[in-house]
Amino acid sequence: MPLLITDSGLGGLSLLGRLTVELESIRIGKPEMGMNIIYVNAVPRDKYGYNDMDSREERIKVFNGLLEQVEQRFDPKQIYVACGSLSALLNQIPFVLKHPEKVEGIDKIGHKLLNEAMQRNPSAPVYVFATPTTVSEGLYNISRIFKRNKPSVYIEQPCPGLASMISSDLEKKVVQDEVFECCKQALACSESALHQNPNEGPIVFLGCTHFSFRSDCFKEAFAELGFPEISLLDPVPEAANKLIQEHRLQIQEGGIQIQFISPYRLPELEQKTISALLNQISPQTAQAFLNGSVLPGLVL
């Protein structure tokens, strides 16, 4: 039974790449061991993702239908939702309510990282960068994460369109400019509070797996804006470690086998950009991505 990773797009491939590298490291000296992993792009069609949908009801209906399809076609051992926008909906998805032990979202890792960071530095300002849907659904809302000892500065900054830019900006110049503007807006929301604690390095949380591909842009932006020392929280590496602990290698031919599946054919620029980003993490994952399959029937 395979491990299935899904995302509202291609950001979760940053997780798959890191997971593959770690699994291959574990396999050294054990060529007979392997694992099957399937990655499913949950976006129904090109230029129409979950952040483009008009209502929560539509998002729930579409994602629930996809989960039912992948369950029927692939019978996965676990479905890991590497996406903030979709994780925010899990407690309302009929399939998840029926199979609660089978589906898990990346938000649990995010909450853990934020809590641990605040325990280490309780007076630090916190900045959460995510998609508009993740922010509007309150996935990383301060009251949802911190029951007590809440940070005095906690800014949730939506970054409209940034995930799509990362998928199609091969040179990353557009992404750099957009990340800078997002960081500038977030800091402007807390300017007075920052002056009260000028020596506290900000905690910067990446609430979208796409952002992991360009985490360096956030470090550069904060440095340019006067904060060269930040604590960057990226749930992707932690999520990869969690999946490794939960899914052991087994005896099988072919080693680590990866399938990439999408309901539609990806635009050429998106393929070039994501494969280039993946090559920096895991060439094996990049090749599986380029050799992926199109299954239109996944989204009904």
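Is lysine 242 buried or exposed, and what is its relative accessible area?

Reply: Happy to, and keep in mind that this is a predicted model. Lysine 242 is buried, because its relative accessible area is 16%, under the 20% cut-off. Its side chain meets that of glutamate 104 in a salt bridge, at 2.8 Å from N to O. Glutamate 104 sits in strand S4 and lysine 242 in helix H13 (residues 235-246), so this pair ties together parts that are 138 residues apart in sequence. Glutamate 104 counts as buried too, with 13% relative accessibility.

That's one of the 12 salt bridges in the structure. Another brings together the side chains of aspartate 75 and lysine 102, 3.7 Å from N to O. Aspartate 75 is in the loop between helix H2 (56-74) and strand S3 (78-81), while lysine 102 is in the loop between helix H4 (94-98) and strand S4 (103-105), so parts 27 residues apart in sequence get tied together. Here aspartate 75 is partly exposed at 39%, whereas lysine 102 is buried at 10%.

Now for a pair within one helix. Lysine 272 and glutamate 268 form a salt bridge, with their closest N and O atoms 3.5 Å apart. They are 4 residues apart in helix H14 (residues 268-279), which means about one helical turn separates them. Lysine 272 is partly exposed, at 47%, and glutamate 268 is exposed, at 57%.

Terms used: Residues are numbered from 1 along each chain as its sequence is written. This is a predicted model: local features need pLDDT of at least 70, side-chain atom pairs count only at pLDDT 80 or more; totals for chains, interfaces and linings use all residues. Side-chain values use heavy atoms; hydrogens and water are left out. A salt bridge is a side-chain nitrogen of Lys or Arg within 4 Å of a carboxyl oxygen of Asp or Glu. Helices (H or I, at least four residues) and strands (E, at least two) are DSSP runs, numbered from the N terminus. Buried means under 20% relative accessible area, exposed over 50%, partly exposed in between (1.4 Å probe, protein chains only).
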